[in-house]
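The exercises below concern a ligand site and a helix beside it. Work through each task before reading its solution.

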Amino acid sequence: MKSAMEVKELQKVFGKNIAIKHVDFNVKQGEIFGLLGPSGSGKTTMVKILTGELSKTAGDVNVLGMDSSKFKTSDFKSKVGILSDNSTLYKRLSVYDNLKLFCKLYKAPLHHIDDILHDVHLYEERFKTASDLSKGMAQRVLLAKALIHKPDLVFLDEPTSALDPGTMIHIHRALQKLNEVGTTIFLTTHNMEEATELCDRVAFLHKGELQELDSPAALRYKYSDHTFHVETVAGERMVIKNEPETADQVRQLIANRQVKAMHTDNPTLGQIFLKVTGKELV
Ligand SMILES: Nc1ncnc2c1ncn2[C@@H]1O[C@H](COP(=O)(O)OP(=O)(O)OP(=O)(O)O)[C@@H](O)[C@H]1O
Ligand SMILES: [Mg+2]
């Protein structure tokens, strides 16, 4: 599969502070890639370098076949959508007029506005003034703004932080729908449930260094203790090794109709992050 993004030996230094230390990774076209890390780990710095808002100190970055010297061009901007912590709306304009303005800026057709408003569940609110929106609504308009020109690749810096679960679900559905038509999504989060549910692959960023990179399921398997947890009909709880030598024991339990519940107990991404870095994700 072709790469949407290639990052090689990337480094970013602010004065004496090394925010990104020799980071390497690729993002495939069409994948949802999550960059996970606690506050200060370098997530926003990474997004800003990959979108041309900050310059790199060393290394190479290539996004949609373009190197960082092209990140200010209209070609780059027409192919990339960005939702960052400094994305804003025109407070005195309606939701619709805000999006109309961005449609014109990106030379996108106006019918995109209604499509995207339905996707983020804001069609009914389209004539509301931006200053009267709740935080969750405003965040969804910002997402709509990032998507209005149907970009090939979207960068989302903590798209759902501090939002209620209902709003979060609307945003997740909109992102999944977007991904189904082939859009590549690069998001940062410190919400491990969000990453587990949405991302094809996640990378752990800790103090500017990548610690792990794989699918959530592969990481959860890698760090599992390879056991089954069994609850029998008689109420007994057993922990059985997921190994060939215990196959007879498991078979016996099933054959005797003793199994009420049986599951593996793989760790969550948050537990793995703590194990790998010694630090909580939040
Ligand atoms: N413009 C800047 N000037 C100086 N230092 C900066 C600048 N931007 C970020 N840093 C530093 O770089 C490091 C990484 O910050 P960054 O904002 O990338 O973290 P983050 O992972 O996005 O955190 P959060 O989850 O709180 O948003 C921090 O030590 C921060 O102080
Ligand atoms: Mg940040």
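**Exercise 1.** How many Å separate an oxygen atom of ligand 1 from an N or O atom in the side chain of Thr44?

Solution. The model is a predicted one. Start with the side chain of Thr44: one of its N or O atoms lies 2.8 Å from a ligand 1 oxygen atom. The cut-off for a polar contact is 3.5 Å between N or O atoms, so this pair counts. Next take Gly42, where a backbone N or O atom is 3.0 Å from an oxygen atom of ligand 1.

**Exercise 2.** Which residues come nearest to ligand 1, and what classes make up its shell?

Solution. There are 13 residues around ligand 1, and those that come nearest are Ser39, Gly40, Lys43, Thr44 and Thr45. Sorted by class, the shell holds eight polar, three nonpolar and two charged residues. Then assign elements: at least two shell residues come from each of β2 (17–28) and α1 (43–50). The largest share belongs to α1, with three residues.

**Exercise 3.** Is α1 mostly covered or mostly uncovered?

Solution. Count its buried residues, using under 20% relative accessible area as the cut-off. Six of the eight residues in α1 are buried, and the helix is mostly covered. The buried ones are Lys43, Thr45, Met46, Val47, Ile49 and Leu50. Finally, look just past the end of α1: Gly52 has a positive phi of about 85°.

Methods:
Residues are numbered from 1 along each chain as its sequence is written. Chains are lettered from A and ligands numbered from 1 in the order in which they are written. This is a predicted model: local features need pLDDT of at least 70, side-chain atom pairs count only at pLDDT 80 or more; totals for chains, interfaces and linings use all residues. Side-chain values use heavy atoms; hydrogens and water are left out. A residue is near a molecule or strand if one of its heavy atoms lies within 4 Å of it. A polar contact is a pair of N or O atoms within 3.5 Å; within protein, one must be able to donate a hydrogen and the other to accept it, and residues adjacent in sequence count only if both atoms are side-chain atoms. Helices (H or I, at least four residues) and strands (E, at least two) are DSSP runs, numbered from the N terminus. Ala, Val, Leu, Ile, Met, Phe, Trp, Tyr, Cys and Pro count as nonpolar, Asp, Glu, Lys and Arg as charged, and the others, Gly among them, as polar. Buried means under 20% relative accessible area, exposed over 50%, partly exposed in between (1.4 Å probe, protein chains only).
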